[in-house]
Amino acid sequence: MVAAGIIFAFSACSSVSDAPTTSGETTTTSLTSTTTERAPTTTSTTTVPTTTPPSTTTTTDPTTTSSSGEGTTPTQGTTPTTVPERNENMEDVDAAALAHSYTADCPVRPEDVVLVRVRHWGFDGQVHNGAIVVARAQGEAVADIFDRLFTARYPIQSVIPIGDLPVGIEDSDPNYNNTSALHCRRATGSTRWSEHAKGLAIDINPLQNPFITPNILWPANSERYLDRTLGEPGMIVDDDVVVRAFAANGWLWGGYWSSIKDYQHFSVSGR
């Protein structure tokens with residue numbers, strides 16, 4: 001737990017991480033002030049109360065932006081339907097479908113990744129459909145992970161591919177809370193490719209599970225969740241259902257890192 005009165009130093013961070021940044025741009029936040037080195041992306045928000053998940057089943061269409069009671073996140077509209085017996089529906093993607101999440105120099109090709117359609121519980125107590133782009137070799141594993149999270153009724157704000165979101169929203173929205181995987185970008189503080197650029201890393205509920213270094217807090221408005229003992233919905237803690245679901249499929253948690261903490265981050269390599 002980090003006390004709320006501590007001020008982060010604004011010295012350059014030497015740690016290497018897969019927390020999102022754009023080329024030449026880094027979001028840095030202290031416990032007392034927030035600085036984002038780009039003009040904010042405008043998003044609209046609505047308040048969604050957190051409730052106990054009922055038996056009603058819904059699917060979603062990623063077309064709108066709204067929020068939970070905690071902050072702004074990209075989410076989907078909902079319509080009643082029947083939930084399929086199996087979680088996943090895997091689809092091939094091309095560069096056009098990947099949009100700005102993919103670049104020509106990305107370490108993987110479009111044929112190396114697959115879009116996995118998943119279902120998940122939301123903070124609104126409803127069932128939603130989402131989609132996530134991962135390395136093709138990990139498609140079945142990721143489908144199993146989301147099946148396990150669905151069975152446990154673990155709430156996820158939204159699961160939308162980066163290419164379907166506004167460009168730069170990860171950096172410009174201080175309440176960013178979307179779960180995603182593929183994003184062709186460099187690791188924070190490094191020239192090497194992020195594991196996200198290979199489709200081999202997933203960030204879950206970033207707002208409730210921030211990325212923390214001595215001088216960076218991301219998302220910017222996640223200060224409340226520095227206290228990892230809160231026990232609130234969506235948080236990930238040692239040996240919980242989320243950590244176990246990923247571990248069962250060979251994925252490792254950034255919450256176990258020593259020099260920095262990336263509570264949202266899971267990867268195949270452990271980086």
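# Salt bridges, a sheet and confidence

Visitor: Arginine 271: buried, exposed or partly exposed?

Guide: Arginine 271 counts as partly exposed, at 39% relative accessibility. Bear in mind that this is a predicted model.

Visitor: Which residue forms a salt bridge with arginine 271?

Guide: Glutamate 195 does, and the closest N and O atoms of the pair are 3.0 Å apart. The two are 76 residues apart, linking distant parts of the chain: glutamate 195 sits in the loop between α3 (169–172) and β8, and arginine 271 in the segment after β13.

Visitor: And glutamate 195, buried or exposed?

Guide: Glutamate 195 counts as buried, with 2% relative accessibility.

Visitor: How many salt bridges are there in the whole structure?

Guide: A search finds eight. One of them joins glutamate 91 and arginine 117, with the closest N and O atoms 2.6 Å apart.

Visitor: What about aspartate 92, what does it form a salt bridge with?

Guide: Its partner is arginine 136, and the closest N and O atoms are 2.8 Å apart. Aspartate 92 is in the loop between β5 and α1 (95–98), while arginine 136 is in the loop between β7 (127–135) and α2 (139–151), so this pair ties together parts 44 residues apart in sequence. Aspartate 92 counts as exposed at 62% relative accessibility, whereas arginine 136 is partly exposed at 36%.

Visitor: Switching to sheets. In what order do the three strands of the open sheet come?

Guide: The order is β8-β13-β11, with antiparallel pairing. β8 (201–203) and β11 (252–253) are the edge strands, each pairing on one side only.

Visitor: How many bridges join β11 to β13?

Guide: Two bridges join β11 to β13 (residues 265–267). Tryptophan 253 stands opposite phenylalanine 266 in β13.

Visitor: What pLDDT does the protein average?

Guide: The average is 79, and 68% of the residues score at least 70.

Visitor: Where does pLDDT stay under 50?

Guide: Residues 22–69 are one such stretch, and the model gives them 130 contacts beyond four places in sequence. Residues 75–87 are also below 50, with 48 contacts in the model beyond near neighbours in sequence. Where pLDDT is low, predicted coordinates should not be read in detail.

Notes:
Residues numbered from 1 in each chain as written. Predicted model: local features only at pLDDT ≥ 70, side-chain atom pairs only at ≥ 80, totals over all residues. Heavy atoms only, no water. Pairing = 2+ DSSP bridges. Helix = DSSP H or I, 4+ residues; strand = E, 2+ residues; numbered from the N terminus. pLDDT = per-residue confidence, 0-100. Contact = heavy atoms within 4.5 Å. Salt bridge = Lys/Arg side-chain N within 4 Å of Asp/Glu carboxyl O. Buried < 20%, exposed > 50% of the residue type's maximum accessible area, 1.4 Å probe, protein only.
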